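This briefing is for a reader who has not seen this structure before. Please look over the sequence and the model first, then read the notes below.

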Amino acid sequence: MEFIIKRFEELTVDELYEILKVRVSVFVVEQECPYQEVDEKDKNAYHVFIKGNEGIKAYLRVLDKGISFEEVSIGRVLTTERGIGLGDKILEKGIEVAKEKMNADKIRIEAQCYAKGFYERFGFKQVSDEFLEDGIPHIEMLLE
């Protein structure tokens, strides 16, 4: 398995297709949540993923300041195989990309409420009340 870190314009057509396919599979199909998964934000992000022999195993995007929030943000965090530490690895790499490539001193996320403990392990703290995003309970969290 290898980490791949690319800006939108550096992605190959096949990489972009695979990213969108896995995101729709997890966030739309698996979570039974119809929403506009493909958005303009992808064009202003680093796309960070772990690729194995059978395709993408974990993915997230790190968004420039001012795209989703005033701060650099991380979103669309997913793994295709659970329980083997890929979530930890991809989030660690996403935080590293935010700090090293985007000079982030703070990172903001919108986390699904069930994943709050996962993000707290990395130092994120809840900074909002719970709210619904596409019918799923979320909270904003900040890493300082």
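How many bridges join strand β6 to β8, and in which sense do the strands run? Strand β6, residues 125–126, is joined to β8 by 2 bridges, and the strands run antiparallel. The model is a predicted one.

**Strand β8 and its partners**

- Strand β8 spans residues 136–143 and is mostly covered, with 7 of its 8 residues buried.
- Within the pairing of β6 with β8, Q126 stands opposite M141 of β8.
- Strand β5, residues 107–112, also pairs with β8; the sense is antiparallel and there are 6 bridges.
- In β8, L142 is the residue that stands opposite R108.
- Strand β7, residues 131–133, runs antiparallel to β8 and is joined to β8 by 3 bridges.
- F131 has H138 of β8 standing opposite.
- β7 and β8 form a hairpin with 2 residues between the strands, and D134 in this hairpin has a positive phi near 55 degrees.
- As a general point, side chains in a regular strand alternate between the two faces of the sheet.

**Cysteines**

- A disulfide is a covalent bond between the sulfur atoms of two cysteines.
- Searching the whole structure gives 0 disulfides.
- C33 takes part in no disulfide, and the nearest cysteine sulfur, which belongs to C113, lies 14 Å away.
- Is C33 buried or exposed? C33 has a relative accessibility of 4%, so C33 counts as buried.
- C113 has a relative accessibility of 23% and therefore counts as partly exposed.

**Residue F49**

- F49 lies in strand β2, which covers residues 45–52.
- The relative accessible area of F49 is 1%, so this residue is buried.
- Which residues is F49 in contact with, leaving aside its neighbours within four places in sequence? They are E2, F3, I4, L11, E15, I19, I56, A58, Y59 and I90.
- Y59 is 10 residues from F49 along the chain, and the C-alpha atoms of the two are separated by 4.2 Å.

Note on methods
Residues numbered from 1 in each chain as written. Predicted model: local features only at pLDDT ≥ 70, side-chain atom pairs only at ≥ 80, totals over all residues. Heavy atoms only, no water. Buried < 20%, exposed > 50% of the residue type's maximum accessible area, 1.4 Å probe, protein only. Helix = DSSP H or I, 4+ residues; strand = E, 2+ residues; numbered from the N terminus. Pairing = 2+ DSSP bridges. Disulfide = S-S within 2.5 Å. Contact = heavy atoms within 4.5 Å.
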